[in-house]
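Hi,

Here is the structure I promised to pass on. Could you look it over when you have a moment? My notes follow below it.

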Amino acid sequence: VQPNNYSTFYDDQRQNWSIMFESEKAAVDFSKQVCIAKCNSSPALDSVLCQDLVPGEGQGVEGGDSLEVAYTGWLFQNNGLGQVFDSNVNKDKLLRLKLGSGKVIKGWEEGMLGMKKGGRRFLIVPPAWAYGAQGVAGRVPPDSTLVFEVEVRRVKLAKECSGSDGLSVSSRDSPAPSPVPSSDGFSSD
């Protein structure tokens, strides 16, 4: 996925191809279908399938970084998107999580690595990386493969510390100075 509604891919001869879509929605829908096709053509899903929908900007997130995300989760049924079992997209609260803290399913811990602020990603998560044989009573049947669309709205890098001038200082080289952190510790932009 590239900026300005482009997608780039390679064929089996390693030829580079680009497609320009008429809208972001068309590019996103195409990318979701590519990920679903990858899932349906793999003999056994033993890891998380990730497909970027919107690239995002800035530094890719790593373990220890704190994120605020909007997400929707579907059951993977009949080789495609089934019933929505969870979403915070139309709610006031974003989900806050710290990557690597073990507070979310393993599929998220792996699948969100490298995402950037403003980025959206499509994840297809096999049962072993989600809720496994237990499922979630009344919401996720046992041994369910799950699909998530996640969007990173805010990022706080783990390696940030506060400088003497009160500005946030990041040990990762960034081209512009970080804005003053807001009261919740997330950058004010």
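I'll begin with threonine 145, which counts as buried at 18% relative accessibility (buried means under 20% relative accessible area, exposed over 50%, and partly exposed in between, with a 1.4 Å probe and protein chains only). You will find threonine 145 in the loop between β7 (120-125) and β8 (146-156). Leaving aside residues up to four places away in sequence, threonine 145 touches Leu45, Trp74, Leu75, Phe76, Ile124, Val125, Pro126 and Pro127, where a contact means heavy atoms within 4.5 Å.

Some background before the rest. This is a predicted model, in which local features need pLDDT of at least 70 and side-chain atom pairs count only at pLDDT 80 or more, while totals for chains, interfaces and linings use all residues. Residues are numbered from 1 along each chain as its sequence is written, and side-chain values use heavy atoms, with hydrogens and water left out.

Now the overall picture. The protein chain has two helices and 10 strands, running β-β-α-β-β-β-β-α-β-β-β-β from the N terminus. These are DSSP runs numbered from the N terminus: helices are H or I with at least four residues, strands are E with at least two. Of the 189 residues in the protein chain, 38% are buried. Taking contacts between residues at least 6 apart in sequence, 59% join residues at least 24 apart. The accessible surface of the chain is about 10900 Å², with 49% of that belonging to carbon and sulfur atoms; areas come from the Shrake-Rupley method with a 1.4 Å probe, and for residues only the protein chains shown count as cover.

On the cysteines: the structure holds zero disulfides (a disulfide is a pair of cysteine sulfur atoms within 2.5 Å). For cysteine 35, the nearest cysteine sulfur belongs to cysteine 39 and is 7.4 Å away. Cysteine 35 is buried, with a relative accessible area of 0%. Cysteine 50 is also in no disulfide, and its nearest cysteine sulfur, that of cysteine 35, is 7.4 Å away. Cysteine 50 is partly exposed, at 34% relative accessible area.

Finally, confidence. The chain averages a pLDDT of 85, and 84% of the residues score at least 70; pLDDT is the predictor's confidence in each residue, from 0 to 100. Confidence is highest in β7, at 97, and lowest in strand β10 (residues 168-170), at a mean of 42. Over residues 161-189 the pLDDT is below 50, although this stretch has 48 contacts in the model beyond near neighbours in sequence. Where pLDDT is low, the predicted coordinates should not be read in detail.

Best wishes
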